[in-house]
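Subject: Structure for your review

Dear colleague,

Please find below the structure I am handing over to you. My findings follow directly after it.

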Amino acid sequence: MTADIKLLERLIRHQILVQRYSGSQIKAALPIIRQLAKDLRKRIVAADATEFQMGRMVALERDIQLLVATATGDIQGVLELEDFAVQEAQFTQKLLGASVSIDLAEGLDLDAIRAITTRRKLRLVSGNTVKTLTIPQMWQEFSEAAGRDAMRVVQAGVLEGRTGQQMARDVGALVQTRSRRQAEAVIRTSVNGIGSAARNNVYAANSDIIEGERFLAVLDSRTTITCSGIESRNEVYPIGRGPMPPMHYNCRSIRTPVIREEYRIGTQGQRASYEGPVSNQVRYGGFLKRQSREFQDDMLGPRRAELFRSGKLKIEQFSDDQGRVLSLNELASRYDLTME
């Protein structure tokens, strides 16, 4: 088994543990979210009649934003992301050292690795836009959105003539559903981004034995067109350049190192998929061709799946160079297709 294949298999297995770690961090944040729902309900119930008059909700809005901002800060406080960054770098260093017959660069810059949690910028595809955000900025967006959503519920309730108790219940339900899902997405995305950056730090320090990195997506139906398209290009990217996971919120993809040829020995290996181990040479496009029509339709959407099955388009053609998924009209224009 070659050194890079050995790394690949171990990194895939390790990525499952990383996702479980995300789950543990979400579990730590849930009590704070539940308390936020209670605090918002209490504040709305305590509001007097004048605070529910349109145009006079300044104090209520301020208090709602303050409660959400405080909870957001509390969530960030319970997450153990700096420790995770260091552990990921140390794990990668150990794994790399065990996979090649050459000494690695000595030591790790732990301060730089810890700084990943606040300074590293993630490029995330979100609908038709690409956002560049640090993890604190992601939480700031979450806080502002959760506060706005709560106020919209109150404003709509006032217009509909709902009571304070009813509005409080609606806001509490919103926090326990939509805001909770958004917080979970930020946590999962942060963990994957930190893990990706920590591993990349080790690869960069050992660029003499690593020629580049490949993008690897999970072989199942939950993988997005963005990630499956990038993987299917099967490119070797310079260390730290090109598409870097996470590509979007809740992204599970990783980058894996490609060991320089002089350090490779052995034969072809395997990689994991939802249906069991497959050849390491299988990319997402080849994997998808073997799946059922229902699987393909679920993953791509019916019209894109038809184009894929017909051979008119490869999966990597469904997204642009930034990973943004092209609309059907954009596909028709770019590839001179008839979308009937």
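Thr-189 is buried, because its relative accessibility is 0%. Please note that the model is a predicted one. Thr-189 is found in helix 6. Beyond its neighbours within four places in sequence, its contacts are Leu-122, Leu-124, Met-138, Pro-246, His-248, Tyr-249 and Asn-250.

Arg-180 counts as partly exposed at 30% relative accessibility, whereas Glu-184 is buried, with a relative accessible area of 13%.

The count of salt bridges comes to 15. Another of them joins Asp-170 and Arg-162, at 3.0 Å, N to O. Here Asp-170 is partly exposed at 28% relative accessibility, and Arg-162 is partly exposed at 29%. A further pair is Asp-320 and Arg-324, whose side chains meet at 3.2 Å, N to O. Asp-320 is buried at 9% relative accessibility, and Arg-324 is buried with a relative accessible area of 16%.

Turning to the nonpolar cores, the largest has 63 residues, of which Ile-64, Leu-96, Trp-139 and Val-154 touch the most other members. Helix 1 (residues 3-46) gives the most to this core, namely 15 residues. Leaving aside neighbours within four places in sequence, Trp-139 is in contact with Thr-72, Ile-75, Gln-76, Leu-79, Ala-183, Val-186, Ile-187 and Ser-190. Another core, of 17 residues, lies apart from the largest one and includes Leu-288, Phe-308, Ile-315 and Leu-337.

Helix 3 (residues 81-99) has 19 residues and should span 27 Å at 1.5 Å a residue; its end C-alpha atoms are 27 Å apart, which agrees. Among the buried residues of helix 3 are Leu-81, Phe-84, Glu-88, Gln-93 and Leu-96.

Two loop residues complete the account. Asp-208 lies in the loop between helix 6 (164-205) and strand 3 (210-216), and counts as partly exposed at 47% relative accessibility. Asp-208 and Ala-105 are 103 residues apart in sequence, with their C-alpha atoms 9.4 Å apart in space. Glu-261, in the loop between strand 5 (254-259) and strand 6 (270-271), is exposed, with a relative accessible area of 62%. The C-alpha atoms of Glu-261 and Asp-74 are separated by 48 Å, the residues being 187 apart along the chain.

With kind regards

Technical notes: Residues numbered from 1 in each chain as written. Predicted model: local features only at pLDDT ≥ 70, side-chain atom pairs only at ≥ 80, totals over all residues. Heavy atoms only, no water. Helix = DSSP H or I, 4+ residues; strand = E, 2+ residues; numbered from the N terminus. Buried < 20%, exposed > 50% of the residue type's maximum accessible area, 1.4 Å probe, protein only. Contact = heavy atoms within 4.5 Å. Core = buried A, V, L, I, M, F, W, Y, C linked by side-chain atoms within 4.5 Å. Expected span 1.5 Å × (residues − 1). Salt bridge = Lys/Arg side-chain N within 4 Å of Asp/Glu carboxyl O.
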